[in-house]
Amino acid sequence: MTRLQDLVVPFVTVLIFNFHTSVSGCETGEVQLVDGGSYYGEVQVCIAGTWGRVCRNGWDNNDANVVCRQLGYLSGYTTYSSQTSNLPIFLDYVGCDGTELNILDCDHYGNIGDYYSYCYDAKVNCQYASCTEGSVRLSEGMEGYVETCHSGRWYGVCRHSWDYKDAFVVCRELGYPATAAVQYTSNEFGRHLQDTYLYSVRCFGNESSLLNCLNIYPGTTCSSSHAAVRCAGEITGFCGNDGTVRLADGEDSNEGRVEICSNGVWGTVVYSGWDSREGEVICRQLGYQNPNVYIYDNLEFGPGTGPVLFISLDCDGSEASLYDCSGSHYSTVGNSHYSDAGLRCEQNTNFESCVNYAVRLVGGEDDKEGRVEICYNSVWGSVCDDGWGIYDARVVCRQLGLDSDTVQAYANAYFGEGLGPFHLSYVNCGSSTNTLSLCSTSYGFGVHHCKRGEEAGVRCGPPIVKLVGCSHGDIKLVDGSSKYEGRVEVCVDGAWYTVCDDNHDSDAAEVICNQL
């Protein structure tokens with residue numbers, strides 16, 4: 001018994017030195033099944049670009065197993081054949097032990113290229129692999145050629161455009177440390193499955209499966225060798241924990257393009273819908289307390305290079321991470337970086353700690369009016385003006401120990417915009433509630449849909465008016481066509497006030513006219 005490599009005839013010598021050369025559409029060592037189906041039929045083997053026959057003399061299940069595994073199936077068995085063909089006989093009396101990776105590695109007799117010897121063709125029936133569609137494996141455990149399962153059969157992966165990011169995904173999918181991945185683009189591991197299923201794989205590196213990568217072109221014929229990976233060694237340039245954030249390419253560490261770690265790869269955020277609330281979340285992740293936030297949406301810091309991870313985010317500003325925000329989260333939405341978000345964080349030097357659920361008024365002309373702020377998680381934050389009204393304003397005034405009978409409720413940041421997060425929105429206080437934190441809300445603390453310019457405010461007590469030097473009880477007529485008519489105003493404590501027209505009649509008018 002001999003192996004193909006042991007034959008010394010000139011024809012065979014050529015085969016040895018051209019073992020991976022395709023001459024006429026097939027590669028030396030490839031096998032195919034004919035006159036049957038995809039998993040059964042007569043066995044043919046390629047030598048120097050030409051298909052030839054394999055005789056059934058001595059053919060057994062060990063031989064069938066080698067052929068079937070070479071084709072990506074789990075195993076195989078021999079079946080009876082009385083078929084002959086006009087092709088040359090390349091192999092006869094094949095004697096595999098069942099562990100070989102290729103039929104040419106098996107013992108056999110000569111008869112290479114003998115058109116005149118007569119024999120029946122060897123035939124096999126292959127069994128489908130018990131693999132999950134899309135799963136991957138390496139041919140030699142933690143290293144080897146990358147193989148993927150399709151329709152119950154293992155296929156190789158073409159190395160066209162294969163790089164370390166693709167290797168990164170394979171190792172992660174197999175449960176190995178993703179940062180320990182090395183890619184190979186040559187015949188590093190000897191024999192491989194002859195057929196490929198995936199072609200021109202392009203991963204960002206953060207995908208959870210090879211099938212989630214872009215441009216995989218399943219079924220495309222591979223014109224290069226097979227992709228291979230070793231899940232060992234070390235690759236630099238990858239981030240650590242999912243959700244970690246950084247600001248890239250700014251003039252200092254306080255600004256830059258927003259990038260987030262996802263499956264070990266830095267990705268970017270689309271600025272669609274991006275506002276200060278998303279910025280507040282990022283800045284707090286970076287260690288800023290009660291930060292001042294500046295948003296950039298014009299590629300101020302240039303485009304990123306990794307995957308685009310988030311689009312159409314909707315944070316309320318209180319989240320611990322962008323992953324906690326509502327909106328669309330994409331693991332790989334593509335690599336179009338024309339709208340990457342930018343950010344600058346500055347520490348608010350006026351930051352002060354507070355007691356949870358305390359309230360204060362900020363930005364008014366005295367301590368009885370201002371923008372309503374409430375303490376939550378030891379940080380002062382604003383109240384959104386959505387649904388804000390008199391009953392809510394009265395609760396704030398009562399909690400502060402101020403006049404809660406004569407109050408005004410203000411919206412649209414009447415007393416200026418806040419610097420901290422929005423803590424409350426759609427507040428709905430009852431008439432007997434004494435503490436703002438006990439009022440019902442539509443969303444609870446930290447959840448809202450407000451932006452800067454929508455802060456609520458109150459005035460506890462009568463409006464502030466400037467003294468104009470009138471005497472208490474004086475009356476005048478204003479804005480009439482003559483001194484004998486006009487809007488009635490009365491002086492109270494040195495300030496002019498209007499008179500409500502409720503129950504105003506001719507008797508009241510007569511009193512006013514007599515006083516004038």
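This is a predicted model: local features need pLDDT of at least 70, side-chain atom pairs count only at pLDDT 80 or more; totals for chains, interfaces and linings use all residues.

## Cysteine pairs and a pocket

Begin by selecting C106, which counts as buried because its relative accessibility is 0%.

C96 and C106 are joined in a disulfide, with 2.0 Å between their sulfur atoms. Look along the bond between the sulfurs: the link of C96 and C106 is right-handed, with 100° about the S-S bond. C96 has a relative accessibility of 6%, so C96 counts as buried.

Next, select C203 and C213. A disulfide joins these two cysteines, C203 and C213, at an S to S distance of 2.0 Å. C203 is in the loop between β12 (196-198) and β13 (228-230), and C213 is in the loop between β12 and β13, 10 residues apart. The torsion about the S-S bond of C203 and C213 is about 95°, so this disulfide is right-handed. Are C203 and C213 buried or exposed? C203 counts as buried because its relative accessibility is 5%, and C213 counts as buried because its value is 6%.

Move on to C429 and C439. Their sulfur atoms are 2.0 Å apart, and the two cysteines C429 and C439 form a disulfide. C429 lies in the loop between β26 (427-428) and β27 (440-441), with C439 in the loop between β26 and β27, so the pair ties together parts that are 10 residues apart in sequence. The link of C429 and C439 is right-handed, with 105° about the S-S bond. Both C429 and C439 are buried.

How many disulfides does a search of the whole structure find? The search finds 12, so select every cysteine if you want to see the rest.

For a contrast, select C513. With a relative accessible area of 54%, C513 is exposed, because exposed means over 50%.

The last stop is the second largest pocket. To find the pocket, select R69, L101, R137, E147 and L193, which lie nearest its centre among the 17 residues that line it. The volume of the second largest pocket is about 300 Å³. Then select helix α2 (residues 61-70), which gives the most to the lining of this pocket, with 3 residues. Colour the lining by residue type: the lining residues divide into 8 nonpolar, 3 polar and 6 charged.

Note on methods. Residues are numbered from 1 along each chain as its sequence is written. Side-chain values use heavy atoms; hydrogens and water are left out. On a 1 Å grid over the protein atoms alone, a cavity is a set of points where a 1.4 Å probe fits but cannot get out, and a pocket is an open set with protein on both sides within 12 Å along at least five of seven lines; lining residues have an atom within 4 Å of a point. Grid points are joined across faces, edges and corners, and a volume is the space filled by probe spheres set on the points. Helices (H or I, at least four residues) and strands (E, at least two) are DSSP runs, numbered from the N terminus. Ala, Val, Leu, Ile, Met, Phe, Trp, Tyr, Cys and Pro count as nonpolar, Asp, Glu, Lys and Arg as charged, and the others, Gly among them, as polar. A disulfide is a pair of cysteine sulfur atoms within 2.5 Å. Buried means under 20% relative accessible area, exposed over 50%, partly exposed in between (1.4 Å probe, protein chains only).
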